[in-house]
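This report goes through a structure section by section, covering sheets, helices and selected loop residues. Please keep the sequence and the coordinates at hand while reading.

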Amino acid sequence: MRLHDPTRRGFASDNYAGVHPEVLTALAEANEGHQIAYGEDQYTERLSEVIRQEFGEGAEVYPVFNGTGANVLALTALMPRWGAVVSTSTAHLHTDEGGAPERVSGLKLFTVPTDDGKLTPELVATEAWGWGDEHRAQPLAVSITNSTEVGTLYTPDEVRAVADFAHEHGMALHLDGARIWNAAAALGTSLRAFTADAGVDILSLGGTKNGLLGAEAIVVLDPSRVDGLTYLRKMNMQLASKMRFLSAQLLTLFEGGLGVRSAGHANAMAARLRTGLETMIARGEVPEGSLAFSQPTQANAVFALLENAAADRIREKVRFYDWDRARGEVRWMCAFDTSADDIDAFLRVVHHELGR
């Protein structure tokens, strides 16, 4: 029974998209017969092999249900209860996980404001201090996101710079890869190039935003830096009994290149949207000053500035989110199933409403 209009599209989140058809096929193929539960199945075994091929022979994978679980568990395994994590003030850890890192894990977040959603060694240094001071949570990890919450990218060299600083100061580096495939597609590199090869110790491997049905994973790149993740996953209710279905989905992103293909398409649609909007401005088709951009479009997000009233009119026809209503900043996201026709239809709506 279908309850929704399958032709309806929005630009609020890549989470709004459905499951990629290739993933549905993989799930159906994994569904026949019996497989041992709790990760002793052939799909999880194959996923472990693929992860080692992609990230290095020492890499370990732990499938989980969602990104918050991946982030919290990864950081919990990295440090003792008195540890703290340095992140940006826009990090999903800080703004969108309901306090889970601090409430569930008991760790402390030290957040740093940034204009572009990225940390540098200099920014990390503003909170990386106080070791041995019993009055201050101990900064023992750094967390970065690629692509970032504001749609920008870390290059492999930029990740390496943060990793080197962290390691020199006895800290581990975590990467939130909710949109890691978009970063790989945009950078034109392997996942390994800006993770394991750049000094990342542990990462949250995203899947749901790239066409999966609720499947993510923790990938441990340096096993010497983590402790007890096998037990923590169960304690924190992230251990899937029918793990074959999580692993089969994740495998689909790697085998056949689906992960980069689908993320690359989402990136291309965001670029099409940005180009269309810039053309609209250049041709004077909207009032001067009515539309601008707050971030470069490097992955699958467009961050724009416009009056709240205009944003509200556009939102009546096509759903999207405000990012910072106080400054009239909105976020328009593209997904693996966003089409050129979707973009062109949205451009017509923006043109009509801004031209009023």
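## Helix α8 and the residue after it

Which residue just after α8 takes a positive phi? In this predicted model, that residue is Gly188, with a phi of about 70 degrees.

Helix α8 itself spans residues 180-187, and its buried residues include Ile180, Trp181, Asn182, Ala183 and Ala184.

## The seven-stranded sheet

Strands β5 and β6 belong to an open sheet of seven strands, ordered β1-β7-β6-β5-β4-β2-β3, in which the pairing is mixed. At the edges stand β1 (60-64) and β3 (108-112); each has a single partner strand, so one side of each lacks a neighbour in the sheet. On average, neighbouring strands here are turned by 25 degrees against each other, direction ignored.

Within this sheet, β5 (residues 172-177) and β6 (residues 202-205) are parallel and share four bridges. One of the bridge pairs links His174 with Ile202 in β6. Helix α7 (residues 156-168) packs on the sheet and touches β4 (138-145) and β5. The direction of α7 makes about 145 degrees with that of β5.

## The four-stranded sheet

A further open sheet has four strands in the order β8-β9-β11-β10, with antiparallel pairing. Its edge strands are β8 and β10 (321-324), each of which pairs on one side only. Strands of a sheet pair through backbone hydrogen bonds, either parallel or antiparallel.

How many bridges join β8 to β9? There are two, between antiparallel strands, with β8 covering residues 292-293. Phe293 stands opposite Ala304 of β9. On its pairing with β11 (residues 329-333), β9 forms five bridges, again in the antiparallel sense. Strand β9 (residues 301-305) is mostly covered, with four of its five residues buried.

Strand β11 also pairs with β10, in the antiparallel sense and over three bridges. Arg331 in β11 is the bridge partner of Phe303, and Arg331 is the bridge partner of Tyr321 as well.

## Helix α13

Helix α13 runs over residues 340-354 and has 15 residues. From its first C-alpha to its last it reaches 21 Å, close to the 21 Å expected at 1.5 Å a residue.

Which residues of α13 are buried? They are Asp342, Ile343, Phe346, Leu347, Val349, Val350, Glu353 and Leu354. Seen down the helix axis, the buried residues of α13 fall within an arc of 160 degrees, so they line one face of the helix. The face turned away from that buried side carries Asp341 and Arg348, which are exposed. The cover over the buried residues of α13 includes helices α11 (258-282) and α12 (308-317) and strand β11.

## Helix α1

In helix α1 (residues 21-30), the buried residues are Val23, Ala26, Leu27 and Ala30. Around the axis they cover an arc of only 100 degrees, which puts them on the same side of α1. Pro21 and Glu29, on the other side of α1, are exposed.

The buried residues of α1 pack against α2 (42-55), α10 and α11.

## Two loop residues

Thr90 lies in the loop that connects β2 (83-88) and α4 (92-95). Is Thr90 buried or exposed? Its relative accessible area is 18%, under the 20% cut-off, so Thr90 counts as buried. Its side chain makes a polar contact of 3.2 Å with the side chain of Thr88. Beyond neighbours within four places in sequence, Thr90 is in contact with Thr95, Gly117 and Glu149.

Ser224 sits in the loop between β7 (216-220) and α9 (229-235). With 65% relative accessibility, Ser224 counts as exposed. The side chains of Ser224 and Asp222 make a polar contact of 2.6 Å. Ser224 is 44 residues from Ile180 in sequence, and the two are 23 Å apart in space, C-alpha to C-alpha. Ile180 is one of the buried residues of α8.

Technical notes:
Residues numbered from 1 in each chain as written. Predicted model: local features only at pLDDT ≥ 70, side-chain atom pairs only at ≥ 80, totals over all residues. Heavy atoms only, no water. Buried < 20%, exposed > 50% of the residue type's maximum accessible area, 1.4 Å probe, protein only. Pairing = 2+ DSSP bridges. Expected span 1.5 Å × (residues − 1). Arc of directions from axis to C-beta. Contact = heavy atoms within 4.5 Å. Axes fitted to C-alpha atoms, helices over the stretch in contact; angles between N-to-C directions. Polar contact = N/O pair within 3.5 Å; in protein donor to acceptor, adjacent residues only side chain to side chain.
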